[in-house]
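Please read them with the structure open beside you.

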Amino acid sequence: MQGNVRPETMERITTPELANAFIEEQVKELRAQIGDKKVLLALSGGVDSSVVAALLIRAVGQQLVCVHVNHGLLRKGEPEQVIEVFRNQMNANLVYVDAVDRFLDKLAGVAEPEKKRKIIGAEFIRVFEEEARKLDGIEFLAQGTIYPDILESDGVKAHHNVGGLPEDLRFELVEPVKLLFKDEVRVVGKALGLPDNMVFRQPFPGPGLGVRCLGAITRDRLEAVRESDAILREEFALNGLEGKVWQYFTVVPDFRSVGVKDGKRTFAYPVIIRAVNTTDAMTATVEDVPFELLQHITGRITSEVENVNRVLYDLTPKPSATIEWE
């Protein structure tokens, strides 16, 4: 699969048989390209980078070095899942970097969404560069580029944040899924044995929960986003909405209101629930979540999540709203 143009004759990967044929072909090509050298991958735990990691593990094993940077903006349990799946189950050569304090210190007091995104992206590049310089013999850089990235951004997957490495770290690129669409990547991931909750993960913004903790990020509101999001995902899974709703998440804005808990007045944050359906992300409709379920989720969030006393449901389609709040 050379070049950046998908052949018109290329069959869409829709079955395990086609996925296995693709995997076999890619393993051969990866071994031919990499030889006995080492390859570096920024492993976020998202669908694309996880599938690339699993492909490379099958092709070159310990020659792959995965770097997982925990910037503190991931969803609940995601860093632990990356370690469990790749290091413990797949025996990957995984470097785990706890950079939570470093990122949150850089973001302290920054409220403007685009500035937050730039800080997160730039700091990721710095952390990744530092880890890359600690390693010897790296000649290749793997990326989870997929075909829509090529169509939309001239082949550079900017949200993986490795496109800005210094000139002396210009590794040769390895992009084994660059001619696949997202649904095909998922079929390949399933065939590679990755868990369903990783393969069929919802779309997740590059800056992570940083764009769902509105305004200047604080640790208490960030934790409220993480915990309320976990409750929402758990309840949607238990009530048959996982896989039915395209994207659902919580948002915590930077203001508080008066409430009551245990007979005492509180001054705490609201949690906003967003649940939308779309086919192309250009427009989106709001999921009609049963009111009884919303009441149950509200009860759980207000009782289990600290510093929260209200739950709101965002009823706005796209347009006029966007899917994310920032």
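Predicted model: local features only at pLDDT ≥ 70, side-chain atom pairs only at ≥ 80, totals over all residues.

The points below cover the sheet, the helices packed on it, and some single residues.

1. Five strands make up an open sheet with parallel pairing, and their order is E3-E2-E1-E4-E5. The edges are formed by strand E3 (93-98) and strand E5 (172-174), each of which pairs on one side only. Ignoring direction, neighbouring strands in this sheet are turned against each other by 30° on average.

2. Pairing of E1 and E2. Strand E1 (residues 38-42) runs parallel to strand E2 (residues 64-70), and four bridges join the two.

3. H1 against H7. How do these two helices cross? The axes of H1 and helix H7 (residues 182-191) come within 9 Å and cross at roughly 80°. H1 is therefore roughly perpendicular to H7, since angles of 65 to 115 degrees count as such. On the H1 side the residues that meet H7 are Ala 19, Asn 20, Phe 22 and Ile 23. Their partners in H7 are Val 187, Val 188 and Ala 191.

4. Ile 138. This residue is found in strand E4. Is Ile 138 buried or exposed? Its relative accessibility is 12%, so Ile 138 counts as buried, the cut-off being under 20%. Leaving out residues up to four places away in sequence, Ile 138 touches Lys 38, Val 39, Leu 40, Val 65 and Phe 171. Ser 228 lies 90 residues from Ile 138 in sequence, and the two C-alpha atoms are 40 Å apart in space.

5. Leu 209. The loop between helix H8 (196-199) and helix H9 (219-238) contains Leu 209. Although Leu 209 is in a loop, it is buried, with a relative accessible area of 0%. Neighbours within four places in sequence set aside, Leu 209 is in contact with Leu 73, Leu 74, Arg 75, Phe 204, Leu 222, Val 225 and Arg 226. Thr 279 is 70 residues from Leu 209 along the chain, with 23 Å between their C-alpha atoms.

6. Arg 300. Helix H10 (residues 291-304) holds Arg 300. Arg 300 has a relative accessible area of 15% and is therefore buried. What does the side chain of Arg 300 make a polar contact with? The partner is the side chain of Glu 235, at 2.8 Å. Apart from neighbours within four places in sequence, the contacts of Arg 300 are Ile 231, Glu 234, Glu 235 and Val 305.

7. Cysteines. How many disulfides does the structure hold? The number is zero. A disulfide is a covalent bond between the sulfur atoms of two cysteines. Cys 66 is buried, its relative accessible area being 0%. Cys 213, at 0% relative accessibility, counts as buried too.

Terms used
Residues numbered from 1 in each chain as written. Heavy atoms only, no water. Buried < 20%, exposed > 50% of the residue type's maximum accessible area, 1.4 Å probe, protein only. Polar contact = N/O pair within 3.5 Å; in protein donor to acceptor, adjacent residues only side chain to side chain. Contact = heavy atoms within 4.5 Å. Disulfide = S-S within 2.5 Å. Pairing = 2+ DSSP bridges. Axes fitted to C-alpha atoms, helices over the stretch in contact; angles between N-to-C directions. Parallel < 35°, antiparallel > 145°, perpendicular 65-115°, else oblique.
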